[in-house]
Amino acid sequence: MAQNQTAPTTLPALWLISDARNDAALESSLKALPRGSGFIYRHYHLSATDRRTRFTALAALARKYAHIVILADTPVIARKWGADGIYGPARRMPNGDALIKLAAAHNARDIVAADRAGADAILLSPVFATRSHPGARSLGAVRFRLLARKTSTPVIALGGMTREHARALGWSRWAAIDGLVSTQDS
């Protein structure tokens, strides 16, 4: 089924994903994003206590700019921490839950699983070479588009994405770790 890139959606087109390597720039990056963008908090590198503390601070800032805040964790933790939704593999998506569900996908099997799990959007990666997975085979533009056409669920491009790559790909929904980092002092 073909994806309609112009269909109205309540989910943002642009998503910033947290990581150890962009942590120092997250505050300025969240401020620089267009109002109402998305923020996916991962920060797997922190201890449980530090991860929660950092989430609380960044979520408050994100909400100041009307960004949607997604937590890469379980539905239980996402609700406990006050996240708007969860990000992860389709097998962790809760059924009949009010949380926004963003599923990670790397191939057609993952896309089918995300659809069956009722994901609200699918982050399909890696589109291009990425520092997150050095040496991993990227999908490339053609394969990305072929996979994205297999679902009517909105697909968000991830992996080596920058504004330039999004324009070249002709894809309005995209996410990045490094590609949206703002180094502006605020």
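Predicted model: local features only at pLDDT ≥ 70, side-chain atom pairs only at ≥ 80, totals over all residues.
Colleague: How many helices and strands does the protein chain have?

Modeller: The protein chain has 6 helices and 8 strands, counted as DSSP runs numbered from the N terminus (H or I of at least four residues for helices, E of at least two for strands).

Colleague: What makes the protein chain as compact as a globular protein of that length?

Modeller: Its radius of gyration is 15 Å, close to the 16 Å that the globule rule gives for 186 residues, so the chain is as compact as a globular protein of that length. The radius is taken over C-alpha atoms, and the rule is 2.2 Å times the number of residues to the power 0.38.

Colleague: Why is Ser 37 called buried?

Modeller: Buried means under 20% relative accessible area, with a 1.4 Å probe and protein chains only; Ser 37 has 3%, so it is buried. Ser 37 lies in the loop between α1 (26-32) and β2 (38-41).

Colleague: Which residues is Ser 37 in contact with, leaving aside neighbours within four places in sequence?

Modeller: Those are Pro 12, Leu 14, Ala 66, His 67 and Ile 68, where contact means heavy atoms within 4.5 Å. Ala 66 is 29 residues from Ser 37 in sequence, with 7.4 Å between their C-alpha atoms.

Definitions and conventions:
Residues numbered from 1 in each chain as written. Heavy atoms only, no water. Buried < 20%, exposed > 50% of the residue type's maximum accessible area, 1.4 Å probe, protein only.
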